[in-house]
Amino acid sequence: MEESSEQQLDAKSKVTSQLIDFEWKLGMAVSSDSCRSLKYPYVAVMLKVADHSGQVKNKSFEMTIPQFQNFYRQFKEIAAIIETV
């Protein structure tokens, strides 16, 4: 079995940060220095998290629409499981 380089959360994992705020926006990249007509939709996510000492940090990332759709599906699955607990 091949080990993944990504750290996986499980029931024994210690959560080290707390989500303070979650913001998102839908954007459209219309051009770049190498492409005149890009028309590339994306979702930008901005997170505000507090570490174990209480220091608040901002983190941001962008997702393509297919990545966002997968992200959304996973959260729907989590919500469905939580409802059964």
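Me: Which residue in β2 does Trp24 stand opposite?

Reply: Strands of a sheet pair through backbone hydrogen bonds, either parallel or antiparallel. Here Trp24 stands opposite Val45 in β2. Strands (E, at least two residues) and helices (H or I, at least four) are DSSP runs, numbered from the N terminus. Two strands pair if DSSP finds at least two bridges between them. The model is a predicted one, in which local features need pLDDT of at least 70 and side-chain atom pairs count only at pLDDT 80 or more, while totals for chains, interfaces and linings use all residues. Residues are numbered from 1 along each chain as its sequence is written, and side-chain values use heavy atoms, with hydrogens and water left out.

Me: How many bridges join β1 and β2, and in what sense do these strands pair?

Reply: β1 and β2 pair in the antiparallel sense, over 12 bridges. On β3 (residues 56–64), the pairing with β2 is also described as antiparallel, over 9 bridges. Several partners in β3 can be named: Asn58 for Lys48, Glu62 for Ala44 and Val56 for Ala50. β2 and β3 form a hairpin with 4 residues between them. In the turn of this hairpin, Gly54 has a positive phi of about 95 degrees.

Me: In what order do the strands form the sheet, and which are the edge strands?

Reply: The 3 strands form an open, antiparallel sheet in the order β1-β2-β3. β1 (17–29) and β3 are the edge strands, each pairing on one side only. From one strand to the next, the twist averages 20 degrees. Axes are lines fitted to C-alpha atoms, for helices over the stretch in contact, and angles run from 0 to 180 degrees between N-to-C directions.

Me: Which residues make up the largest nonpolar core?

Reply: A nonpolar core is a set of buried Ala, Val, Leu, Ile, Met, Phe, Trp, Tyr and Cys residues joined through side-chain atoms within 4.5 Å. Buried means under 20% relative accessible area, exposed means over 50%, and partly exposed lies in between (1.4 Å probe, protein chains only). In this model the largest such core has 5 residues: Val43, Val45, Leu47, Val49 and Met63. Strand β2 (residues 40–51) gives the most to this core, with 4 residues. Of the 85 residues of the protein chain, 11% count as buried.

Me: Which residues is Leu47 in contact with, leaving aside its neighbours within four places in sequence?

Reply: Contact means heavy atoms within 4.5 Å. With those neighbours left aside, Leu47 is in contact with Leu19, Asp21, Phe22, Lys57, Asn58, Lys59 and Phe61. For the protein chain, among contacts between residues at least 6 apart in sequence, 30% join residues at least 24 apart.

Me: How many aromatic pairs does a search of the whole structure find?

Reply: A pair of aromatic rings is described by the distance of the centres and the angle of the planes. Rings of Phe, Tyr and Trp (its six-membered ring) pair if their centres lie within 6.5 Å; planes under 30 degrees apart count as stacked, over 60 as edge-to-face and the rest as tilted. The search finds 2 aromatic pairs. One of them is the tilted pair of Phe68 and Phe71, with 6.4 Å centre to centre and 35 degrees between the planes. Both residues lie in helix α1 (residues 65–84), 3 residues apart, about one turn of the helix. For Phe71 and Phe75, the ring centres are 4.9 Å apart and the planes stand at 55 degrees, so this pair is tilted. Phe71 and Phe75 lie 4 residues apart in α1, about one turn of the helix. Phe68, Phe71 and Phe75 form one aromatic cluster.

Me: Why does Phe75 count as partly exposed?

Reply: Phe75 counts as partly exposed because its relative accessibility is 47%. Phe68, at 27%, counts as partly exposed, and Phe71 counts as partly exposed at 23%. Not counting residues up to four places away in sequence, Phe71 touches Phe22 and Met63.
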